[in-house]
Amino acid sequence: MSDHANQAHQAADADVHYDVHATEAKWLPVWTELDPFRADDASPKPKRYALTMFPYPSGDLHMGHAEVTAIHDVIARYWRQRGFEVMNPIGWDSFGLPAENAAIVRDEHPATFTYANIETQAESFKRYAVSFDWSRRLHTSDPEYYRWTQWLFLRFREQGLAYRKNSPVNWCPQDQTVLANEQVVDGHCERCGAEVTKRELTQWYFKITDYAQELLDGLDELESTWPARVVTAQRNWIGRSEGAHVDFPVEGRDEPLTVYTTRPDTLFGTTFMVVAADAPLAAELVSDEQRPAYEAYLAQTRKASDIDRLSTERPKTGVDLGVRATNPVTGEKLPVYAADYVLADYGTGAIMAVPGQDQRDWDFAAAFGLPVRRTVQPPEGWEGEAFTGDGPAINSANDEISLDGLPVEQAKRETIAWLESKGFGRGTVNYRLRDWLLSRQRYWGVPIPVVHCEACGEVPVPDDQLPVELPELRGADLKPKGVSPLAAATDWVNVDCPSCGGPATRDTDTMDTFVDSSWYMFRYCSPGLETAPFDSAQVNAWMPCDVYVGGVEHAVLHLLYGRFFTKVLADMGLVDFREPWSSQVNQGVVINQGKKMSKSLGNGVNLGDQLREFGVDAVRLTLVFAGPPEDDIDWADVSPAGSLRFLQRAWRLSGDVTSPAGTAADGGDVALRRTTHRTVADAAELVESRRFNVVVARVMELVNATRKAIDSGPGGADPAVREAAEAVAVLLSLVAPYTAEEMWERLGHEPTVALAGWPEVDESLLVEDSVTAVVQVQGKVRGRLEVAPDISAADLEALALADPAVVRALEGKTVRKVIVREPKLVNIVAS
RNA sequence: GCCCCGGUAUCCCAAUCGGCAGAGGAAGCGGCCUUAAAAGCCGCGCAGUGUGGGUUCGAGCCCCACCCGGGGCACCA
């Protein structure tokens with residue numbers, strides 16, 4: 001056992017120390033018995049919903065869990081003290097790959113590993129004294145939960161919001177599954193880090209793009225209550241751009257070649273066209289003569305990884321498709337190329353190339369010896385290649401329209417109007433956001449509740465047959481084979497078609513686990529409900545969540561998907577709000593010695609060790625006090641030992657109070673009473689504005705002031721001392737529940753301090769009877785005056801000018817100007 | 001390359017409206033207590049706020065440029 005814990009345990013002089021671990025052991029069962037954190041749906045109190053991102057059950061809790069829940073719990077416990085009915089639920093995001101991979105290695109079932117970890121984490125959360133409502137606990141891998149995930153999927157499908165399509169998708173060769181766009185980071189699998197390749201597969205998608213504009217617009221309202229970086233990340237991700245679709249007739253083809261451009265004003269400068277090599281369109285357009293060359297190029301493109309494709313340094317490659325398109329504005333015949341620098345799944349998969357105004361097109365033109373025609377006048381002395389800035393249009397006129405001389409924005413508008421009037425194109429809004437690829441070729445997830453029948457095609461599993469439960473597979477059965485492990489469970493796969501009764505097979509993919517976590521906050525509002533995913537009335541009563549606390553790594557994935565689900569549910573009439581989380585807090589990460597904790601660096605800090613050494617309260621206090629919640633915490637910079645010392649100091653106050661419980665504070669030492677009331681008032685404001693570290697600092701001040709009052713002031717019998725100590729206990733209950741409870745008991749009260757209520761602030765004690773006014777001459781402090789807080793500007797100016805030090809400073813000078821900011825400052829300008 | 005956030009004492013961090021740069025903690029130093037140490041208690045703060053300009057009676061805070069750190073986007077037409 002460590003030195004610190006030893007000292008705490010010995011408690012030889014009981015007035016100085018309390019036994020941290022004995023205190024934890026004492027109160028935990030009492031709280032379990034009292035069950036003070038169960039949220040009452042029927043409560044008449046105003047409701048608050050405090051949500052923390054539910055954990056994935058990987059081993060035991062670590063420092064990251066400790067930080068997020070410590071911060072989150074301050075808010076939940078504060079609201080409770082303020083008289084709100086608080087729902088603070090907990091559950092587990094318990095489907096997912098790590099358990100499946102572990103099951104393969106250990107020849108087990110993923111559930112064994114998963115549920116064992118959940119139990120471990122649950123016990124740890126309880127010891128960590130998080131004020132969760134355990135009665136609402138859920139696990140996304142429970143059939144009772146995923147039944148409703150399937151139900152929601154079917155509702156989405158009915159509305160055309162879940163559909164199957166064949167297209168090139170991101171494929172992780174390591175995990176042997178497809179990935180959503182959001183799960184590919186710099187060309188690598190977000191989860192395992194393997195280089196992602198492309199495969200052409202038929203997959204399930206959610207049509208999140210239908211909501212692109214609303215998801216973007218909704219961010220305007222969230223801007224003031226969500227972290228700026230999350231809002232920015234989502235805006236970037238959605239990537240709205242405004243431009244036009246332009247139709248280029250193609251010789252020998254009825255359909256025109258339609259491109260998307262954000263620069264319709266540069267249409268006159270188009271000197272060639274490019275189609276994404278891997279777009280079906282390219283294969284359609286290519287001439288017979290060029291087909292072999294195209295196919296060779298395509299094969300080469302397919303081999304290139306996203307890493308290569310993402311490199312902007314890479315030389316431009318492509319192949320002439322052997323067809324000609326006509327520029328609608330000039331009538332010119334333009335060559336059409338296939339190239340890999342154009343993306344198949346953005347816009348129309350084809351572009352009009354304007355080398356004069358686009359560097360990528362310039363590079364391609366240079367590589368293929370294609371002409372350049374500038375349509376925007378570059379500034380004097382321009383030595384660059386493509387010019388993308390603003391300037392007057394040039395070389396942009398035909399018999400019907402002239403853009404020459406117009407600035408870019410105006411030229412765009414004119415061009416779009418002309419295109420629309422001629423039927424050659426139209427103004428368009430485009431988004432970077434793609435539909436959400438939700439199917440996965442893995443086992444430990446929600447089975448997609450669809451049956452494929454030769455006669456009937458795609459048939460949804462009827463609601464009354466839900467859930468479609470996972471077949472029992474374990475160990476080697478789960479090994480990635482490129483097709484879902486479910487496909488091998490033939491008894492499970494082969495079913496009668498729900499529609500015609502003929503032979504059919506189940507869909508063998510499972511859902512992305514982000515589907516599970518897109519609606520769990522709704523389920524918490526009516527967790528046991530067996531007839532629907534949630535009770536709309538309860539959901540509308542509790543939601544949207546008043547605060548959502550979690551890591552910023554979910555800025556675009558989970559947080560965007562959850563918003564999307566909410567909007568769909570609102571459109572289905574199931575909820576009456578359109579954003580699930582009205583405010584959000586992102587905590588930083590806990591690092592050590594300037595670096596991320598890792599096994600290879602050997603700088604890991606184990607939460608269990610810290611709790612054994614310093615106790616729950618000291619660790620929680622350290623995490624909250626370290627700095628603003630969103631800042632990273634370097635464990636080497638903070639002092640859990642210092643936190644423990646402070647808690648002992650606070651606790652000791654409760655033993656030095658000699659007045660009986662219930663003593664009225666009136667008549668107590670006014671100076672201490674002022675400090676107490678000021679601290680309580682400030683603490684409320686600071687919690688509301690999420691400056692938890694400052695709250696702790698203010699409580700430390702109050703503890704110091706109370707100590708002073710006991711030792712060298714009015715003494716422990718003064719009623720103000722009791723008032724202060726009780727305030728300390730309540731304020732500390734937000735961060736250090738064990739210490740606060742112990743103090744509360746020693747002060748003669750019944751448990752639990754968590755429901756003691758926020759101390760009432762006496763406004764009259766917040767008004768000071770005098771304030772210090774600073775007198776400056778030329779901005780330098782020359783004197784101080786004790787004045788009444790309501791002193792008039794004229795009186796303060798007169799006092800200031802009469803101050804001897806000021807008079808001295810003004811000798812030989814003429815007063816030019818006097819700025820008075822009563823009651824705190826006077827600045828005299830003189831020369 | 002573009003966009004966002006941040007640089008305050010040895011360290012972590014405070015500083016509502018532009019108004020005395022310091023609330024709190026860590027480390028350090030000194031004292032009391034102690035046979036001694038630990039713990040406890042008391043005391044000790046001349047950094048002018050990354051750099052250079054500007055606005056202002058007055059700038060950590062506002063404006064401009066730059067440096068450093070962190071994050072997002074990036075062949076998305």
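Start by selecting strand 21 (residues 494–496) and strand 22: the two pair in the antiparallel sense over three bridges. Strands pair here if DSSP finds at least two bridges between them. Strands (E, at least two residues) and helices (H or I, at least four) are DSSP runs, numbered from the N terminus. This is a predicted model, in which local features need pLDDT of at least 70 and side-chain atom pairs count only at pLDDT 80 or more, while totals for chains, interfaces and linings use all residues. Residues are numbered from 1 along each chain as its sequence is written, chains are lettered from A and ligands numbered from 1 in the order in which they are written, and side-chain values use heavy atoms, with hydrogens and water left out.

Stay on the hairpin. Six residues lie between strand 21 and strand 22, and G501 in the turn has a positive phi of about 80°. Pick D496 next; its bridge partner in strand 22 is P503.

Select V451 to find R506 of strand 22 opposite.

Move to the open sheet of three strands, ordered 27-26-28 with mixed pairing. Strand 27 (595–596) and strand 28 (633–634) are its edges, each pairing on one side only. Strand 26 and strand 28 run parallel over two bridges. Click V590: its bridge partner in strand 28 is I633.

Next, show helix 7 (residues 212–222) with helix 18 (residues 558–571). They pack at an angle of about 105°, with axes 11 Å apart. Axes are lines fitted to C-alpha atoms, for helices over the stretch in contact, and angles run from 0 to 180 degrees between N-to-C directions. Helix 7 and helix 18 are therefore roughly perpendicular (65 to 115 degrees). Select E214, L215, G218, L219 and L222 in helix 7; they meet L560, R563, F564 and K567 in helix 18. Contact means heavy atoms within 4.5 Å.

Finish at the second largest pocket, with about 1,800 Å³ of space. A pocket is an open set of points on a 1 Å grid over the protein atoms alone, where a 1.4 Å probe fits, with protein on both sides within 12 Å along at least five of seven lines; lining residues have an atom within 4 Å of a point. The volume is the space filled by probe spheres set on the points. Of its 48 lining residues, S58, H62, H65, E553 and H554 are closest to the centre. Helix 3 gives the largest share of the lining, five residues.

Terms used:
Angles under 35 degrees count as roughly parallel, over 145 as roughly antiparallel, 65 to 115 as roughly perpendicular and the rest as oblique.
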